[in-house]
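Please look over the sequence and the three-dimensional structure shown here before reading the report.

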Amino acid sequence: MSCFDLHAAEGSYWEQRREPVEKLPTLQDLLACCNVDAFVRVVLDEHAARLCAPCDDDSPKRRRKKERRLARTLDSMKRMPIKRKGGRDRVLLPREFFIPHEQTGLIERRVGVWLMRRADVPLARAALRAHPAEPVEQSVSLPEHSLALAPWEDALSSRVWLGGSWSLYERYLVLSSAFWEMTYFGFDRDCVAAAQARAKTKTPPEDSVFDGRLSATVSDLRLRRATEFGLIVPDRFDEARRACFAARVARLNRAADLDLCCRIVDLEEGRGS
């Protein structure tokens, strides 16, 4: 299959698409089209740097070593035999979400990947129908499906839709998010398969989030644990600020999730907007 234009320029595949979901490009197709240097840079700067503890030896030599390892893993994914028909029930979509940082009062916007199964479409329609009657802070409930426990062959056969007003960098963010989830247990296929088999029999740790959304700072984690243990000294002035802050973030996430529901329904109905 020929490479797809990852940029939403006029006349691109993403602007013209009128094909059924089954004929969308697979994740493997799009990984094969990515600029390797740009892809690896996004993985390191947006995922590894955020979720991994800082290393004392962050020298250019060490970074080049990481870049080579990621490039080898990416190359192995491109070459891996897959069953294209097996991924027709799964579509990867961009997802926008917002992370609050209470200590600084900042709201961080992120773009990641969302794995949709065809069975999720009725739930998305139901969420859109219920939207006017629900409070603006009410979260939208859609089932989350992780790529971390999926065999690489299955994940790579998933279809991908990047249509919409996403920048080129954000499209790379979506694809790199999928890659990052797939490599949650490591960068070697056989080692990952063994770890996945063990993990399926266990409950994930409380702070494990496969889609990369958890990146709380140490102070955020301490605050949450102190709250759980009832050790926070009441401060009505601060409580009002926190409540307002949380409500604002909830509204932003609800709007982003409703937009995701719209794109899920549009994609199923062939509009692909």
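## The model and its core

The structure is a predicted model. Its largest nonpolar core has 55 residues, and those with the most contacts inside this core are Leu 27, Phe 39 and Ile 264. The largest share of the core, eight residues, is contributed by helix H7, which covers residues 168-182. In soluble globular proteins, nonpolar side chains tend to be buried together.

Leaving aside residues up to four places away in sequence, Ile 264 touches Leu 93, Trp 114, Met 116, Val 121, Ala 124 and Leu 142.

Helix H7 is mostly covered, since 13 of its 15 residues are buried. At 1.5 Å a residue, the 15 residues of H7 should span 21 Å, and the end C-alpha atoms of the helix are 22 Å apart, which agrees with that expectation.

His 47 is found in helix H3, which runs over residues 36-51. With a relative accessible area of 7%, His 47 lies under the 20% cut-off and is therefore buried. The side chain of His 47 is joined to that of Ser 176 by a polar contact of 3.0 Å. When residues up to four places away in sequence are not counted, His 47 touches Val 42, Leu 173, Ser 176, Ser 177 and Trp 180.

## The hairpin of S1 and S2

Strand S1 (residues 90-101) and strand S2 (residues 106-117) run antiparallel and are joined by 12 bridges. One of the paired positions is Ile 99, whose bridge partner in S2 is Glu 108. The two strands, S1 and S2, form a hairpin with four residues between them, and Gly 105, in the turn, has a positive phi of about 75°. In a regular strand the side chains alternate between the two faces of the sheet.

## An aromatic cluster

The model has four aromatic pairs. In one of them, the rings of Tyr 13 and Trp 14 have their centres 5.0 Å apart and their planes at 85°, so this pair is edge-to-face. Trp 14 also forms an edge-to-face pair with Trp 161, with 5.3 Å from centre to centre and 70° between the planes. This second pair links distant parts of the chain, as Trp 14 belongs to helix H1 (residues 13-16), whereas Trp 161 lies in the loop between strand S3 (159-160) and H7, 147 residues apart.

Tyr 13, Trp 14 and Trp 161 form one aromatic cluster. Tyr 13, at 18% relative accessibility, counts as buried, and Trp 14 is buried with a relative accessible area of 2%; Trp 161 is buried too.

How values were computed: Residues are numbered from 1 along each chain as its sequence is written. This is a predicted model: local features need pLDDT of at least 70, side-chain atom pairs count only at pLDDT 80 or more; totals for chains, interfaces and linings use all residues. Side-chain values use heavy atoms; hydrogens and water are left out. A nonpolar core is a set of buried Ala, Val, Leu, Ile, Met, Phe, Trp, Tyr and Cys residues joined through side-chain atoms within 4.5 Å. Buried means under 20% relative accessible area, exposed over 50%, partly exposed in between (1.4 Å probe, protein chains only). Contact means heavy atoms within 4.5 Å. Two strands pair if DSSP finds at least two bridges between them. A polar contact is a pair of N or O atoms within 3.5 Å; within protein, one must be able to donate a hydrogen and the other to accept it, and residues adjacent in sequence count only if both atoms are side-chain atoms. The expected span of a helix is 1.5 Å times one less than its number of residues. Rings of Phe, Tyr and Trp (its six-membered ring) pair if their centres lie within 6.5 Å; planes under 30 degrees apart count as stacked, over 60 as edge-to-face and the rest as tilted.
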